[in-house]
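Subject: Structure for your review

Dear colleague,

Please find below the sequence and structure that I am handing over to you. My findings follow directly after them.

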Amino acid sequence: MPRAAAALLLGASVGCGAPPPPGAVRIPAGEGVASFALDAREVSVARFREFVAASGHRTDAEAHGWSLVFRAPGAVPEDRPSVSGAPWWTATAEATWRHPAGPSGRPAPADHPVVQVSWNDAAAFCAAVGGRLPTSREWARAARGGVSDAPFPWGRRPPFVGEPQANLWDGLFPHHPGPGDGFPGLAPGAAFPSNGYGLFDMAGNVWEWVDGGTPATRPLRGGSFLCAENSCQGYRIAWENRAPADSAWDHTGFRCAF
């Protein structure tokens with residue numbers, strides 16, 4: 001299906017001068033970034049399903065036949081293929097956006113952020129709805145929510161003090177998840193308060209692909225439900241991760257800019 005038809009099907013407004021589509025918010029210019037619009041929520045399973053139905057897109061994880069799934073240490077046999085130095089990441093056959101933990105796991109809930117999508121998949125989706133991936137600088141501008149030099153999307157308060165502000169690993173990773181925030185894994189979109197611009201889940205829940213880098217090292221921002229004080233700390237706005245453009249995990253998603 002042509003891009004324009006797919007965009008209309010998904011309710012997007014295409015064109016530089018057009019208002020952002022429903023569900024996106026305008027981010028004012030500043031910090032060397034021109035004004036742009038950004039999805040208020042990470043792209044959901046429901047939205048991605050519409051895209052696949054309209055375009056026939058096949059994700060990189062589907063093409064590869066496997067992807068990486070988080071398993072708590074000791075939860076899987078030692079002979080299961082895993083990432084060297086990070087054995088909690090296990091290679092799982094047929095783990096895709098439809099069944100992020102593999103075919104024996106539960107289907108992805110429609111209101112959860114879509115995961116097991118690569119940078120290539122994310123860029124294709126955004127193009128189909130008349131958008132693009134945000135740049136790393138745009139993402140950081142939006143994440144601060146209008147608070148100058150804020151280290152976190154919710155402001156300056158440390159992440160594990162007081163009421164949870166994001167879906168994070170609030171214990172010692174990877175063995176002890178701590179008392180929790182009510183979600184042992186992914187949370188539905190917008191389960192936590194928005195930042196000052198009305199953007200949800202700019203920290204935690206899923207890492208978000210952003211534009212930049214090279215096919216071998218595409219950037220990700222925001223951290224995921226696996227980020228903890230003793231590990232990646234990806235919930236810090238200044239933190240950036242990198243991965244190949246065709247890679248996917250069950251804690252990585254995206255949102256689109258316009």
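P219 stands opposite R242 in β8. The strands β7 (218–221) and β8 (240–243) pair in the antiparallel sense, over 4 bridges. Two strands are said to pair if DSSP finds at least two bridges between them, and strands (E, at least two residues) and helices (H or I, at least four residues) are DSSP runs, numbered from the N terminus. The open sheet to which they belong has 4 strands in the order β8-β7-β6-β9, with mixed pairing. Its edge strands are β8 and β9, each of which pairs on one side only. As a general point, strands of a sheet pair through backbone hydrogen bonds, either parallel or antiparallel.

The model is predicted: local features need pLDDT of at least 70 and side-chain atom pairs count only at pLDDT 80 or more, while totals for chains, interfaces and linings use all residues. Residues are numbered from 1 along each chain as its sequence is written, and side-chain values use heavy atoms, with hydrogens and water left out.

Disulfides

The structure holds 2 disulfides, a disulfide being a pair of cysteine sulfur atoms within 2.5 Å. One is formed by C126 and C256, whose sulfur atoms lie 2.2 Å apart. This pair links distant parts of the chain: C126 belongs to helix α4 (residues 119–128) and C256 to the segment after β9 (252–253), 130 residues apart. The link of C126 and C256 is left-handed, with -90 degrees about the S-S bond. C126 counts as buried at 0% relative accessibility, and C256 is likewise buried at 0%. Here buried means under 20% relative accessible area, exposed means over 50%, and partly exposed lies in between (1.4 Å probe, protein chains only).

The other disulfide joins C227 to C232, with an S to S distance of 2.1 Å. C227 is buried, at 0% relative accessibility. With bonded cysteines counted along the chain, the disulfides follow the pattern 1-4, 2-3.

At the start of α4, a side-chain oxygen of S118 reaches to within 3.3 Å of the backbone nitrogen of N120. The buried residues of this helix are W119, D121, A122, F125, C126 and A128. Just after α4, G130 takes a positive phi of about 80 degrees.

The largest nonpolar core has 47 residues. Such a core is a set of buried Ala, Val, Leu, Ile, Met, Phe, Trp, Tyr and Cys residues joined through side-chain atoms within 4.5 Å. The residues with the most contacts inside the largest core are F48, W89, V114, F125, W209, F254 and C256. The elements that give two or more residues to this core are α2 (45–55), β3 (66–70), β5 (86–93), α4 and β6. Of these, α4 gives the most, with 5 residues.

Which residues does F48 contact, leaving aside its neighbours within four places in sequence? They are V43, H57, T59, W97, V114, V117, D121, F125 and F254, where contact means heavy atoms within 4.5 Å. A second, separate core of 14 residues includes L38, A143, M202 and V210.

Loops and backbone geometry

R144 is placed in the loop between α5 (136–143) and β6 (207–209). Is R144 buried or exposed? R144 is buried, with a relative accessible area of 16%. Apart from its neighbours within four places in sequence, R144 is in contact with E31, D149, A150, P153, N195 and I237.

The loop between α5 and β6 also holds P174. A cis peptide bond joins F173 and P174, with omega about 0 degrees. D201 is found in this loop between α5 and β6 as well. Phi of D201 is near 60 degrees, a positive value in a residue other than glycine. D201 counts as buried because its relative accessibility is 6%.

Q233 is found in the loop between β7 and β8. Its phi is also positive in a residue other than glycine, with a value near 55 degrees. At 18% relative accessibility, Q233 counts as buried.

Yours sincerely

Methods. A polar contact is a pair of N or O atoms within 3.5 Å; within protein, one must be able to donate a hydrogen and the other to accept it, and residues adjacent in sequence count only if both atoms are side-chain atoms.
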